[in-house]
Amino acid sequence: ATPTSIMVGTGRGAEMGVLFRKGEALQLLKEARVVALDKTGTLTEGKPALTDLELVDGFDRAQVLSLVAAVEERSEHPIARAIVEAAQAEGAGSLPVEGFNSVTGYGVEATVAGTRVQIGADRYMRKLGLVIDVFDQTAERLGDEGKTPLYTAIDGKLAAIIAVADPIKETTPEAISALHALGLKVAMITGDNARTADAIARRLGIDEVVSEVLPDGKVEAVKRLKALGRLAYVGDGINDAPALAEADVGLAIGTGTDVAIEAADVVLMSGSLRGIPNAIALSQATIGNIR
Ligand code: ADP
Ligand code: MG
């Protein structure tokens, strides 16, 4: 491609809210065969809400919710905000918190008013040596509904299962259809549990799912998916940065973290995923016609 065609293409991109940080990305995008996307905050809004809470006999809803919310006040994970907001809506007061600890990819823990509180994924409970099979059926149902099940332990005893659901962005289905129409494969990479990820992928017609990925596992997933062909990765979070760098082309959501934007070749200025097929089509039109 000539410098002029790249300049023209870059300008057109900017008009449609797609910022090419590197001219090279405009040339490479048309070669993409696979688009892999992060789930939370990329395919979904990244604003989950609490939808379900089931208790083990002997535990009280208001008490569990206020203990868990006290821990989550210290966390920056989108799940945390969902729980804190639900607790506040139900009138939970604030409690003293000590020894907050975030176990990345697993969950969070702290001591609240002298009580040990842990909340996180099923693998977190297993790591703690807790048996959670009383909730197996509930967890399966929640997962099939596309919700994320979380478990709570209080003073070392399983106390509740809580679910949060993160709405799919309005523009996600049409963006995926447009990618399929361009002949690309669509993959999703997420730390969320397999059942939840599969339910969401099914709803969206996503071709490949890599779930229960620990934060540093996204790069490995990208490397593996590259076997399918030239790969574009789309993400918004701090832990997406290595995957954005590893991909043939990295696209960051403009409303996401600065770390992701810095690691990306292309920035989608709005949160809309329509920018992805638009950018690929633009690359095909601009570069394709010149050669
Ligand atoms: P993702 O960005 O895909 O959610 P993370 O690695 O941030 O991936 O989290 C993986 C899983 O760890 C979450 O799905 C959740 O089950 C658990 N987890 C992480 N942070 C928290 C938290 N603050 N509260 C409860 N669970 C959490
Ligand atoms: Mg994300």
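Me: Which residue in β8 is the bridge partner of L55?

Reply: A160 is the bridge partner of L55. This is a predicted model.

Me: What makes β3 and β8 paired strands?

Reply: Two strands pair if there are at least two bridges between them.

Me: What is the strand order in the open sheet?

Reply: The order is β3-β8-β7-β6-β5-β4, with antiparallel pairing among the 6 strands.

Me: Why are β3 and β4 said to stand at the edges?

Reply: β3 (49-55) and β4 (97-103) each have a single partner strand, so one side of each lacks a neighbour in the sheet. From one strand to the next, the twist averages 20°.

Me: Which helix lies across β3, β7 and β8?

Reply: Helix α5 (residues 78-89) lies across these strands, running at about 70° to β3.

Me: Why is I79 called buried?

Reply: I79 is located in helix α5. The label requires 20 or more other C-beta atoms within 10 Å. I79 has 23, so it counts as buried. Apart from neighbours within four places in sequence, the contacts of I79 are P48, L150 and V164. The C-alpha atoms of I79 and G107 are separated by 10.0 Å, and these residues are 28 residues apart along the chain.

Me: What makes E212 partly exposed?

Reply: E212 has 17 other C-beta atoms within 10 Å. Buried needs 20 or more and exposed needs 12 or fewer, so a count in between is called partly exposed. E212 lies in the loop between β10 (208-210) and α10 (218-225). E212 is not a glycine, yet its phi is positive, about 55°.

Me: How many residues surround ligand 1, and which are the closest?

Reply: There are 20 residues around ligand 1, the closest being S75, H77, G105, A121 and G191. Elements giving two or more residues to this shell are α3 (39-43), α5, β5 (107-112), β6 (115-120) and β7. By class, the shell holds 8 nonpolar, 9 polar and 3 charged residues.

Me: From which domains does the shell around ligand 1 draw at least three residues each?

Reply: They are domain 1 (3-45 + 169-290) and domain 2 (49-165). The protein chain is divided into these two domains, and the bounds come from an automatic or database domain assignment. Their centres, taken over C-alpha atoms, are separated by 32 Å.

Me: How do you know that domain 1 and domain 2 touch?

Reply: A contact requires C-beta atoms within 7 Å. In these terms, 11 residues of domain 1 are in contact with 13 residues of domain 2. On the domain 1 side, helix α9 (residues 194-204) gives the most, with 5 residues. That side has 4 nonpolar, 4 polar and 3 charged residues.

Definitions and conventions:
Residues are numbered from 1 along each chain as its sequence is written. Chains are lettered from A and ligands numbered from 1 in the order in which they are written. This is a predicted model: local features need pLDDT of at least 70, side-chain atom pairs count only at pLDDT 80 or more; totals for chains, interfaces and linings use all residues. Helices (H or I, at least four residues) and strands (E, at least two) are DSSP runs, numbered from the N terminus. Axes are lines fitted to C-alpha atoms, for helices over the stretch in contact, and angles run from 0 to 180 degrees between N-to-C directions. Two residues are in contact if their C-beta atoms, placed from the backbone, lie within 7 Å. A residue is near a molecule or strand if its C-beta atom, placed from the backbone, lies within 6 Å of it. Ala, Val, Leu, Ile, Met, Phe, Trp, Tyr, Cys and Pro count as nonpolar, Asp, Glu, Lys and Arg as charged, and the others, Gly among them, as polar.
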